[in-house]
Amino acid sequence: MYFNNLVPKWVPKITISKKGKSMKINYIKNGDYLIPKLGITTSTTNSINRYGLLKLNYIKKHKKQLYRNLLMNNQLTDYLSSVSNECNIKFETMMNNYKKKDKKLSEKNKMNNQMEWIKLINNYKNVVDEVILKEDIYI
């Protein structure tokens, strides 16, 4: 809870400059303590799918400096959203290419032999998923 009316004039206001950007930190007196009044700016966030969550887990464990920088600059959700979108586009493109090249994946074959068609489509999905994980997520 913020007590804006209790803040005396002697409470320090710190200005931090970073590459032409300045940030003011205001403090709030709560009892004997000065508590910084911090907040996160809201941004428009797109959905983060499976690939975005896998990338988040990977950078948390293996790329800690990148994770901290993105988190501190409030760019983590935008980064994960862009990774999700790129991976979705890549997945759709690769699956469409496989469907065009393989004649066994035609609609006619789907009606004639459904189990074979399902096996093939699942195989191609697994291949595409593995490619995306190795090229885009775990790097």
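Mentor: Start with a definition: a charge sits over a ring if NZ of Lys or CZ of Arg is within 6 Å of the ring centre and within 35 degrees of the ring normal. The model is predicted, so local features need pLDDT of at least 70 and side-chain atom pairs count only at pLDDT 80 or more, while totals for chains, interfaces and linings use all residues. Residues are numbered from 1 along each chain as its sequence is written, and side-chain values use heavy atoms, with hydrogens and water left out.

Trainee: Which residue lies over the face of W117?

Mentor: The distance to the ring centre is 4.6 Å. The residue over the face of W117 is K110.

Trainee: How many aromatic pairs does the structure hold?

Mentor: Rings of Phe, Tyr and Trp (its six-membered ring) pair if their centres lie within 6.5 Å; planes under 30 degrees apart count as stacked, over 60 as edge-to-face and the rest as tilted. By that rule, the number of aromatic pairs is two.

Trainee: Is Y58 buried or exposed?

Mentor: Buried means under 20% relative accessible area, exposed over 50%, and partly exposed in between (1.4 Å probe, protein chains only). The relative accessible area of Y58 is 15%, so Y58 is buried.

Trainee: What kind of pair do Y98 and Y124 form?

Mentor: Their centres are 4.5 Å apart, with 15° between the planes. The pair is stacked.
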